[in-house]
Amino acid sequence: MKIIGWKETVDFIDFKLYNVPAKIDTGAKTSVLHCKFIELVKVKRKNFVRFIPLDDNFGGNGTVYVLPYHKERKVKNSFGSEENRFIVKTAISIFNENHEIEISLRDRSGMEFPMLLGRSFIRKRFLVDVSKSNLSKKESKTK
């Protein structure tokens, strides 16, 4: 298993967003991405989620994306309150390897990190060394 630090950077292949800062959060079950204008839309009687990932503060490109609605989940936020969030499936790249990931979409504009990688993604893929950071980028530079 690869070792990741307490923070890493990830690339969102489908969104053409690179070097997105991500905090590793073993206390969070679900991974979350900062988005704006999150809404459920119907296209030919099927549910989709429309959103803008990141924003100018986090290096977003302002592009609106529409992904198939995967599910909705009750998630406890950092203040301990439950809220419903839309979950979508996409792909990220870390250590130059692509991985499918389920992410919840939320406005995280007041937070330091636009992305949290939760334990559902980390489990069986990575070990976390909290004394290190950005190990995925350090390894890719040595190749």
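The largest nonpolar core of the predicted model comprises 30 residues, and Phe-12, Met-115 and Leu-117 have the most contacts inside it. A nonpolar core is here a set of buried Ala, Val, Leu, Ile, Met, Phe, Trp, Tyr and Cys residues joined through side-chain atoms within 4.5 Å; buried means under 20% relative accessible area, with exposed over 50% and partly exposed in between (1.4 Å probe, protein chains only). The model is a prediction in which local features need pLDDT of at least 70 and side-chain atom pairs count only at pLDDT 80 or more, while totals for chains, interfaces and linings use all residues. Residues are numbered from 1 along each chain as its sequence is written, and side-chain values use heavy atoms, with hydrogens and water left out.

Leu-117 is in contact (heavy atoms within 4.5 Å) with Val-10, Ala-22, Lys-23, Ile-24, Asp-25, Ser-31, Ile-92, Ile-101 and Ile-122, when neighbours within four places in sequence are left aside. The C-alpha atom of Leu-117 lies 8.7 Å from that of Lys-29, although the two residues are 88 apart along the chain. Lys-29 itself belongs to the loop between β3 (17–25) and β4 (31–43).

Strands (E, at least two residues) and helices (H or I, at least four) are DSSP runs numbered from the N terminus, and two strands pair if DSSP finds at least two bridges between them. Strand β4 is antiparallel to β10 (residues 115–118), with two bridges between them, and parallel to β9, with four bridges. Val-32 has a bridge partner in each of these strands: Leu-116 in β10 and Ser-104 in β9. Seven bridges connect β4 to the antiparallel strand β5 (residues 46–53), among them that of Lys-42 with Asn-47. The β4–β5 hairpin has two residues between its strands, and Lys-44 takes a positive phi near 50°.

Strand β8 (residues 82–94) runs antiparallel to β2 (residues 7–12), to which it is joined by two bridges. Core residue Phe-12 has Ile-92 of β8 as its bridge partner. Ile-92 is in turn the bridge partner of His-99 in β9. Eight bridges link β8 with β9 (residues 97–106) in the antiparallel sense; these strands form a hairpin with two residues between them, and Phe-95 in the turn has a positive phi of about 55°. A further six bridges join β8 to the antiparallel strand β7 (residues 71–76), with Lys-76 partnered by Glu-82.
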